[in-house]
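Here are my notes for your first look at this protein. Please keep the structure open and check each point as you read.

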Amino acid sequence: MHRALELQEILSHIFLSYYPPVLSPDLHKKVVSDLAGFARTCHAFKEPALDVLWRVLIDMSPLARCLPEASRRVSPRNMYSFSRPLTQTEWDTLQSYTRRIRYIHDFNNGLDWESVTTFMDPPTIAPFLPNLRTLHCRYTEKTMSLLHLPLPSLVSLNIIFEDPQLFENSLKLFPNFSPNIKKFTIYVRQREDTVRYLEPNHMRRWQNLRVVSCPQVALDVDTLAHLSDTPALNELAFTLNVTLPASASPLAFSNLHDLTLRHQWLEPISRFLSQTRLPALTSLTAFIGNCPSRHELASFLAGVPTSNALTIERLRLTQSFLRVPLIGASRWEDRSLDFEDLWPCTEFSNLRFIQLNFGCNVGLIESQVLALASAWPKLEILLINADWGWNSQSGITPGGLVRLLQTCRSLRQIALCLDTRGYTEVPPSQAPESLGFTLPPKMFIDVLDSVIEAESVPALSTFFRGIATCSGSKLHLSAWSGVSMIDPPDQQDYTERWTVVRLRVSGSPRRPFAGDSVIQVVEV
């Protein structure tokens with residue numbers, strides 16, 4: 001064996017690269033089997049291979065499977081349990097492995113809860129999971145004692161819970177056991193409009209927070225004041241349910257890069273932004289429950305501090321479709337999203353990502369889309385009403401789409417309505433050999449609820465095949481996939497025709513459709 005393989009650091013890097021972060025179940029089994037084989041190969045391989053093998057637990061079953069068969073049993077549903085109290089030797093075996101665990105993906109599966117509670121009182125003063133850094137857990141009355149485990153190295157906690165009172169009771173003690181939390185994420189399994197609260201005193205004990213993500217939970221003024229004084233904080237998401245006093249000094253989040261706010265209406269979010277200082281902000285997201293008026297949109301954009309017009313690279317403003325009854329046209333507000341609504345967005349000259357998504361029609365025409373895009377030369381993702389659609393025949397023509405791609409050379413994902421009226425042949429300037437630009441390796445184009453007539457299918461197939469050639473890779477084309485689009489009488493025909501275009505662009509065998517009898521099919 002080469003002497004380099006006697007160095008633990010080199011072996012650790014080799015085994016870590018062998019175990020990628022995302023694995024299919026079958027590949028995961030193979031990797032686990034191979035790493036176990038490496039650990040048995042020789043003394044030099046044992047420790048680094050076991051470190052990687054036990055680094056991540058998908059569930060808790062390995063803690064039973066590593067023990068003798070006499071000490072465990074398994075149910076028909078592959079749920080393990082201890083069949084008797086563990087001996088000191090078995091505890092020593094467990095702790096020789098648990099000291100290697102850095103990440104537990106699901107504390108609720110693989111081992112029955114009665115057996116998991118055994119870990120709450122190990123026969124040793126040393127923590128049972130001394131080096132655990134990331135924990136994901138579904139929080140219930142059964143699992144509440146889990147947060148009382150000493151987890152001195154824990155830095156990332158992801159909790160899903162339904163009963164906030166139970167969670168509050170455990171959280172009172174939790175910071176004492178895990179004082180170094182840097183990432184705190186909670187998700188409430190309740191209806192979309194449910195607002196929960198957290199007692200702020202618990203969170204104030206954590207002085208090194210970098211990420212606080214609780215989009216369904218409201219934070220009070222005192223908690224926000226504490227977080228604004230946390231210099232390491234760079235990501236914050238919460239439900240806005242407070243009003244900052246008008247006489248109070250603005251909250252200053254000195255290093256906050258990513259801010260996500262949630263409220264039924266846009267106006268309180270605008271007011272909050274006007275009362276905060278966000279010098280490092282690069283990403284701003286607002287989830288609202290109602291379609292904003294033109295005045296509310298203007299107030300929101302005006303509420304963003306002027307200094308952030310140059311720092312913001314990601315702007316996302318979206319209305320949750322779950323808040324609106326799913327009954328045909330009643331989903332739509334009696335207004336249209338127009339050029340005047342969006343023009344203030346051009347102040348953000350460094351945008352790389354913009355997503356606007358409202359339950360109303362979109363009335364943008366080609367020249368207006370191009371005027372907006374010209375203000376964002378670095379744009380990579382442009383999504384306008386990707387969920388709701390435009391519900392109109394306005395939009396950008398294929399030729400306009402070419403000019404858009406020529407203007408924003410970094411675009412890799414687009415969601416716009418395409419105006420295909422009268423598009424029955426590809427002009428020479430739009431032929432593949434004439435496009436004259438190179439697109440990113442992966443290109444995603446969603447034409448939303450674009451109308452397409454049968455006679456336009458061949459030309460559009462040729463056009464998008466040319467776009468695919470420019471991207472140097474497979475073009476991902478989609479249509480009529482928005483979760484809350486209005487279905488016109490001919491929607492099924494439009495969906496079928498766009499499917500034909502997509503299949504022809506991808507090189508799949510040509511699929512016959514109703515319009516083939518009246519048009520000349522161009523093979524692409």
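1. Start with one term. A residue is buried when its relative accessible area is under 20%, exposed when that area is over 50%, and partly exposed in between. Now apply this to asparagine 391. Its relative accessibility is 34%, so asparagine 391 counts as partly exposed. Find asparagine 391 in the loop between strand E19 (381-384) and H15. Its phi is near 55°, a positive value in a residue other than glycine. Keep in mind that this is a predicted model.

2. Compare a second residue with positive phi. Tryptophan 480 is not a glycine, yet it has a positive phi of about 55°. Tryptophan 480 sits in the loop between strand E22 (475-478) and helix H17 (491-506). Is tryptophan 480 buried or exposed? Tryptophan 480 has a relative accessible area of 12%, so it is buried.

3. Step back to the whole chain. The protein chain has 17 helices and 22 strands. It holds 524 residues, and buried residues make up 49% of them. The protein chain exposes about 24,400 Å². Carbon and sulfur atoms supply 52% of that area. Now take the contacts in the chain with a separation of 6 or more. Of these, 70% join residues 24 or more positions apart.

4. Look at helix H5 (residues 88-98). Which residues of H5 are buried? They are Glu90, Trp91, Leu94, Gln95 and Thr98. These residues cover an arc of only 135° around the axis, which puts them on the same side of H5. What do they pack against? The buried residues of H5 pack against helix H4 (62-65).

5. Glu296, Leu297, Phe300, Leu301 and Gly303 are buried in H12. Seen down the axis, these buried residues fall within an arc of 160°, so they line one face of the helix. The face turned away from this buried side carries two exposed residues, His295 and Ala302. The buried residues of H12 have several partners. They pack against helix H11 (267-274), E14, strand E15 (314-319), strand E16 (336-337) and helix H13 (339-342).

6. Stay in this region for proline 292. Which residues does proline 292 touch, not counting residues up to four places away in sequence? Proline 292 touches Leu266, Leu297, Arg335 and Phe358. Leu297 is also one of the buried residues of H12. Proline 292 and threonine 318 are 26 residues apart in sequence. In space they are 9.9 Å apart, C-alpha to C-alpha.

7. Finish with a helix pair. Helix H14 (residues 366-374) and helix H15 (residues 398-407) pack at an angle of about 5°. Their axes are 10 Å apart. Angles under 35 degrees count as roughly parallel, so H14 is roughly parallel to H15. Which residues meet? Glu366, Leu370, Ala373 and Ser374 come from H14, while Gly400, Arg403, Leu404 and Thr407 come from H15. By class, this contact has three nonpolar, three polar and two charged residues.

Key. Residues numbered from 1 in each chain as written. Predicted model: local features only at pLDDT ≥ 70, side-chain atom pairs only at ≥ 80, totals over all residues. Heavy atoms only, no water. Axes fitted to C-alpha atoms, helices over the stretch in contact; angles between N-to-C directions. Helix = DSSP H or I, 4+ residues; strand = E, 2+ residues; numbered from the N terminus. Parallel < 35°, antiparallel > 145°, perpendicular 65-115°, else oblique. Contact = heavy atoms within 4.5 Å. Nonpolar A, V, L, I, M, F, W, Y, C, P; charged D, E, K, R; others polar. Buried < 20%, exposed > 50% of the residue type's maximum accessible area, 1.4 Å probe, protein only. Areas by Shrake-Rupley, 256 points an atom, 1.4 Å probe, with all protein chains shown as cover. Arc of directions from axis to C-beta.
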